[in-house]
Amino acid sequence: MMIVGIDPDTQAHGVAIFQNGELTRLEQWPLMELMAWVQSVQSIKYADGLIFSIENVLANGFVYARNVQSSGAANAKVAKNIGQCQQSQTELMRMLDYLGVPYVLHNPAKSNWAKNRAMFEKVTGWNIQSNEDKRSAAYFGWLEAKR
């Protein structure tokens, strides 16, 4: 089974690829590059399947307790960024639906590994360069891999 963890983002999604429960790849891909990769992987016809495990940023309000800023302008900027990430997730799901690739959505979790590199490395064994978006994607892929 190949599981692809995704942290939706506006410019490029955080992407974590798990094969047989093991993290094998971390990437940052814009939608079209991700689509090309999915199409190339689909041609291999993985026997056990392919599934995307996506952080559901659509579940977020625009401004919530953890991201409240000190001014209205700053709150508006946060809300705009969240809205853009939500649109990116929507486009990703449309692409996956079009390609016939299944996915599951996971509610955002403040305990994910985005800011906790040590925990990420401990759980996954990955000690190659990573960033917050990639570690977040790995967390959501891991949630599906451990099922």
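How much of the chain's accessible surface belongs to carbon and sulfur atoms? The share is 50% of about 7,900 Å², with areas taken from the Shrake-Rupley method using a 1.4 Å probe.

## What you're looking at

This is a predicted model, where local features need pLDDT of at least 70 and side-chain atom pairs count only at pLDDT 80 or more, while totals for chains, interfaces and linings use all residues. Residues are numbered from 1 along each chain as its sequence is written, and side-chain values use heavy atoms, leaving out hydrogens and water.

## The chain overall

Four helices and five strands make up the secondary structure, both being DSSP runs (helices H or I, at least four residues; strands E, at least two).

Of the 147 residues, 46% are buried (under 20% relative accessible area). Take the contacts (heavy atoms within 4.5 Å) between residues at least 6 apart in sequence: 63% of them join residues at least 24 apart.

## The sheet

The five strands line up as an open, mixed sheet, ordered β3-β2-β1-β4-β5; pairing takes at least two DSSP bridges between two strands. β3 (22-29) and β5 (103-106) each have a single partner strand, so one side of each has no neighbour in the sheet. On average, neighbouring strands are turned by 20° against each other, direction ignored.

β2 (residues 13-19) runs antiparallel to β3, with seven bridges between them. In that pair, H13 sits opposite W29 of β3.

Conventions
Buried means under 20% relative accessible area, exposed over 50%, partly exposed in between (1.4 Å probe, protein chains only). Axes are lines fitted to C-alpha atoms, for helices over the stretch in contact, and angles run from 0 to 180 degrees between N-to-C directions.
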